[in-house]
Amino acid sequence: MTTTSLDATSQRPAVHPSFFEEAFKSYNVPPKIRAFAEAFCIRFDVRGICDPAYCANSAALKLKIGNGCGTFDHEKDPDENGIPLIGEQLLFSYSTCIQRTEPGTTADVINSMVKAALAGAAVEELLPAPAASATN
């Protein structure tokens, strides 16, 4: 039997510390896009080693700051008109993970994560606050 450790602050299964370093080792992802991709994977328990890069590439393509295949333009401003497309695509692509972790999540939830990341929010700020534990 295997057990999953929980991160004490988020109450989500912990991701190995080097997971994102390994996932992004071949990419020079803009920090705000990387923050979004990491938060998305943590929040919705997306654990495939290629998934963080897929999320980052998908977001960058829709924001017109990347080609969707690992090349990112660090100098160009994101085209925020593409944000709604990010939520729709990732909601579809990761529907099983999303419905397992946060049933009822909409594309708007993902889009607000993108907007916050583009505004400079750190990974931790893109995650929902842990639910308060009930006391009797």
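Predicted model: local features only at pLDDT ≥ 70, side-chain atom pairs only at ≥ 80, totals over all residues.
Residues are numbered from 1 along each chain as its sequence is written, and side-chain values use heavy atoms, leaving out hydrogens and water.

The structure contains seven salt bridges, a salt bridge being a side-chain nitrogen of Lys or Arg within 4 Å of a carboxyl oxygen of Asp or Glu. In one of them, Glu-22 meets Lys-25 at 3.1 Å, N to O. Glu-22 is partly exposed at 40% relative accessibility, whereas Lys-25 is exposed at 59% (buried means under 20% relative accessible area, exposed over 50%, partly exposed in between, with a 1.4 Å probe and protein chains only). Asp-45 pairs with Arg-47, their closest N and O atoms lying 2.8 Å apart.

Another salt bridge joins Lys-64 to Asp-79, with 3.6 Å between the closest N and O atoms. This pair links distant parts of the chain, 15 residues apart, and both partners lie in the loop between helix H3 (51–62) and helix H4 (83–93). Helices are DSSP runs (H or I, at least four residues), numbered from the N terminus. Lys-64 is partly exposed, at 48%, and Asp-79 is partly exposed, at 22%.

Shared partners also connect Glu-21, Arg-34 and Glu-38 into one network of salt bridges. Glu-38 belongs to helix H2 (residues 31–43) and is buried, with a relative accessible area of 14%. Leaving aside residues up to four places away in sequence, Glu-38 touches Phe-20, Phe-24 and Val-123, contact meaning heavy atoms within 4.5 Å.

Methods
Helix = DSSP H or I, 4+ residues; strand = E, 2+ residues; numbered from the N terminus.
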